[in-house]
Amino acid sequence: MRYVSKSVMTGFVNALAILIFMAQLPELDPAKVTWLTYALVAAGLAIIYLFPLLTKAIPSPLVTIVVLTGLSIDLLDGMCAPWATWARCPIRCRCS
């Protein structure tokens, strides 16, 4: 890694990020997802870009993962009604 310049590594990482982003775009098809997915994407991007204005001590992607995971678990907690048993519940919440 000592022989690879910083600009080459930065370009590689940025290209990889763009490829991953482009690979995820088809998954945001309106026929496949609800409005909640778009709200979570917008919230995630807002946290990633705005959290560094508060502090740079904690990485904003880490904060985004923790906050959106907690929010998703809280929002999905009551969505087990369509599944009859614990084994059939895809999100493994408290199904009766």
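Predicted model: local features only at pLDDT ≥ 70, side-chain atom pairs only at ≥ 80, totals over all residues.
Which residues make a nonpolar surface patch of about 560 Å²? The legends below work up to that patch and beyond.

View 1. Residues are numbered from 1 along each chain as its sequence is written, and side-chain values use heavy atoms, with hydrogens and water left out. Read along the sequence, you get the pattern α-α-α. Helices here are DSSP runs (H or I, at least four residues), strands are E runs of at least two, and both are numbered from the N terminus. Of the 96 residues, 11% count as buried; that label means under 20% relative accessible area, while exposed means over 50% and partly exposed is in between (1.4 Å probe, protein chains only). The accessible surface comes to about 7,900 Å², and 72% of that belongs to carbon and sulfur atoms. These areas come from the Shrake-Rupley method with a 1.4 Å probe, and for residues only the protein chains shown count as cover.

**View 2. Helix α2, from residue 35 to 54.** Its 20 residues reach 28 Å from first C-alpha to last, close to the 28 Å expected at 1.5 Å a residue (the expected span is 1.5 Å times one less than the number of residues). Even so, α2 bends by about 30 degrees at isoleucine 48, with proline 52 following within four residues. The bend is the angle between axes fitted to the seven residues ending at a residue and the seven starting there.

**View 3. The nonpolar patch.** Val41, Leu45, Tyr49, Leu50 and Leu53 make it up. Patch members have over 30% relative accessible area and no salt bridge; like charges are joined within 9 Å, and nonpolar side chains (Val, Leu, Ile, Met, Phe, Trp, Tyr) within 5 Å. A salt bridge would be a side-chain nitrogen of Lys or Arg within 4 Å of a carboxyl oxygen of Asp or Glu. Look at leucine 50, in helix α2: it is exposed, at 51% relative accessible area.

View 4. The buried residues of α2 are Gly44, Ile47 and Phe51. Threonine 64, in helix α3 (residues 60-76), is buried at 8%. Beyond its neighbours within four places in sequence, threonine 64 is in contact (heavy atoms within 4.5 Å) with Gly44, Ile47, Ile48 and Thr69. Serine 60, also found in α3, is buried at 9%. Leaving out residues up to four places away in sequence, serine 60 touches Ile47, Ile48, Phe51 and Pro52.

**View 5. Proline 59, in the loop between α2 and α3.** This proline is partly exposed, with a relative accessible area of 47%. The C-alpha atoms of proline 59 and isoleucine 48 are separated by 8.5 Å, though the two residues are eleven apart along the chain.
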